[in-house]
Amino acid sequence: MDTPALCVDLPTLKKNIGIAAAYCRDRGVHLRPHFKTHKCTGIAKMQLAAGAIGISCATLDEAAALTRAGIRNVLLTSPLVGTSKLDRLGKLLTSAPDLLVVVDHPTHVTQLAELCAARGYKIKVLIDFDVGQRRTGANGLFAFEEVARCVSDCKPLSLCGLQAFAGQIQHIESLDERTVRAQAVVERMLAAVAVLKVLGVQYPIVSGSGTGTAEFDLSSGIFTELQLGSYVFLDADYEALEWRDGGDLTPSLFVMTTVISGNQKGFVTVDAGTKALVLGTRGSRVFTGPFCNAVYEPAGDEHGSVTPIGSTPMPPVGALLPLIPGHCDPTVNLYDKLVLFDGARVVGYLPVDGRRAGSYSNLHLSSETVCA
Ligand SMILES: Cc1ncc(COP(=O)(O)O)c(C=O)c1O
C-alpha cells in the first residue's frame with residue numbers, strides 16, 4: 001500500500017462502537033456521537049445501527065454531509081453567526097427540519113428569529129452553557145437564564161434543553177481528579193436544568209460529555225444524551241489516561257508509514273511528518289507488530305523519527321510501521337479516505353466525506369478561475 005495512509009482496524013472500531021452503545025443503553029442514556037472525530041458518514045451509520053439516537057456535529061459542512069447521507073436527528077454543537085451561515089442553515093433546514101441548533105447569546109436568538117420570519121421555519125434550540133471550558137456557552141446562570149428566556153419568548157423557536165461540554169477536563173490523566181471535576185460540572189448543570197423547568201421545559205434534553213468523563217457522566221443522572229467522539233478511535237492522548245470501565249476501549253486508528261532511511265544511530269526515519277499525523281500532548285507510538293514498543297516524533301513536514309525502546313529491534317528500511325495518532329480528530333481531517341483493515345488484510349475504504357464538504361463547491365472555483 002502507498003504510505004502515509006490513514007487506516008482503521010475494523011474489528012476494534014466495531015468493538016468500541018458496541019461498548020459505548022451498551023454502556024449508554026444499560027444506563028438508559030441516549031448516545032448522540034460526535035461526527036467531528038471521524039467526519040465519515042459510513043462510521044456515523046455504524047453508530048446509528050448500534051443504537052445512537054442521532055449524530056452531533058461541529059460545523060454546517062458536517063451537518064450538510066450528514067443530511068446528504070440521509071442521516072437525521074443531527075445536533076449542531078456550535079452557535080452560528082452571520083448572513084452567510086444563517087442562509088446556509090436556512091437551506092439545510094428545508095431537507096433536515098429536525099436539525100437541533102445551539103445558542104449562547106440573545107444575538108443568536110435574534111438571528112434565528114429573523115431566519116424563521118423570512119422562511120416560516122420552526123427551529124429546535126438548546127442553550128449552550130459554559131461549564132468551565134471558556135469557549136462557547138452562556139457564561140454564568142444569569143446569562144443562561146437570559147438566553148433561555150429569549151428563546152422561550154420567541155414563538156418560532158422551540159426551547160428543547162441545554163448543552164454543556166466540559167472540554168477542559170476530558171484529558172486529565174487521573175481518574176479520581178477527572179471524576180471530582182466532572183461532579184462539580186454536574187452541580188453547575190443542575191441549576192441550569194432548574195431554570196429550564198421554571199420556563200416550562202419539563203423534560204429538557206441535556207446533552208454533552210466526552211470520552212474522558214463518559215463513565216462518570218453516565219451515572220450522574222443529569223445527562224439525557226452523551227456526545228462522545230474520540231471513543232471510536234481512542235487516540236494516544238486518550239489511551240494514556242487512567243480508566244475504569246473505559247479501559248475496555250482500545251485504539252483503532254493508525255497512520256501506516258514506511259521506514260525510508262535507517263542511517264542514524266538509535267532511530268529510523270519514516271515518511272510521515274506533521275502533514276500526516278497530528279500529535280496531542282502525549283506523543284505517539286507504534287500500534288502493533290514486532291516494533292510495537294517504539295515512539296514516534298515528527299521530524300519536519302514529510303518525515304518523522306521512530307525510536308525503538310529497550311530490546312525492541314531496529315525496523316529495517318522498507319518496514320511498514322503503523323502509528324497511533326496523538327490526536328485523532330485533526331489527523332482524520334488530513335485525509336480523504338480511511339483504509340479498513342481486518343488483521344493484516346485490507347477489507348475496504350470509507351471516504352472522509354464530512355471533511356470540509358461543500359466549502360470548495362461554495363466558492364465555485366475551477367482551475368480556470370484560479371489561473372484568471
Ligand atoms: C461540543 C463537543 N461535544 C463532544 C465532543 C467529543 O469529545 P471527545 O472527543 O473527547 O469524546 C467534543 C470534542 O471536542 C465537543 O467539542
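**Stop 1**

Switch to cartoon view and pick out the 8 strands that form an open sheet in the order 2-9-8-7-6-5-4-3, with parallel pairing. Strand 2 (30-31) and strand 3 (55-57) stand at the edges with a single partner strand each, so one side of each has no neighbour in the sheet. Helices (H or I, at least four residues) and strands (E, at least two) here are DSSP runs, numbered from the N terminus; two strands count as paired if DSSP finds at least two bridges between them.

Before moving on, some ground rules. This is a predicted model, where local features need pLDDT of at least 70 and side-chain atom pairs count only at pLDDT 80 or more, while totals for chains, interfaces and linings use all residues. Residues are numbered from 1 along each chain as its sequence is written, and side-chain values use heavy atoms, with hydrogens and water left out.

**Stop 2: inside the sheet**

Select residues 157-164 and 205-208: these are strand 7 and strand 8, which pair in the parallel sense over 4 bridges. Look for A164, which stands opposite G208 in strand 8.

Now select residues 100-103 and 123-128. Strand 5 and strand 6 also pair in the parallel sense over 4 bridges, and V103 has I127 in strand 6 as its bridge partner. How many of the residues of strand 6 are buried? The count is 5 of its 6, so "buried" needs its cut-offs here: under 20% relative accessible area, with exposed over 50% and partly exposed in between (1.4 Å probe, protein chains only).

**Stop 3: the antiparallel strands**

Select strand 14 (residues 304-308). Of its 5 residues, 4 are buried, so the rest of the structure largely encloses this strand. Strand 11 (residues 268-270) runs antiparallel to strand 14 and is joined to it by 3 bridges; show V270 and its bridge partner G304. Strand 13 is antiparallel to strand 14 too, with 5 bridges joining them, and Y296 stands opposite V306 in strand 14. Strand 13 and strand 14 form a hairpin with 5 residues between them, and G300 in the turn has a positive phi of about 120°.

**Stop 4: the helices**

Show residues 10-26 and 41-49. Helix 1 and helix 2 pack at an angle of about 45°, with their axes 10 Å apart. That makes helix 1 oblique to helix 2 (under 35 degrees would count as roughly parallel, over 145 as roughly antiparallel, 65 to 115 as roughly perpendicular, and the rest is oblique). The axes are lines fitted to C-alpha atoms over the stretch in contact, with angles running from 0 to 180 degrees between N-to-C directions.

Next, select residues 60-68. The buried ones are L60, D61, E62, A63, A64, A65, L66 and T67. Just after helix 3, G70 takes a positive phi of about 80°.

**Stop 5: the aromatic rings**

Rings of Phe, Tyr and Trp (its six-membered ring) pair if their centres lie within 6.5 Å; planes under 30 degrees apart count as stacked, over 60 as edge-to-face and the rest as tilted. By this rule there are 4 aromatic pairs. One of them is the tilted pair of Y238 and W243, at 6.1 Å centre to centre and 45° between the planes. Both Y238 and W243 are buried.

Next, show F254 and F287, a stacked pair with 4.8 Å between centres and 20° between the planes. F254 lies in strand 10 (residues 253-261) and F287 in the loop between strand 12 (284-286) and strand 13 (294-298), so the pair ties together parts that are 33 residues apart in sequence.

**Stop 6**

Most residues other than glycine have a negative phi, and most peptide bonds are trans. Start at T3 and P4, which are joined by a cis peptide bond with omega of about 0°. Then go to K39, in the loop between strand 2 and helix 2, where phi is near 50°. Finish at L234, with phi near 45°, in the loop between strand 9 (225-226) and helix 9 (236-239). Is L234 buried or exposed? At 1% relative accessibility, L234 counts as buried.
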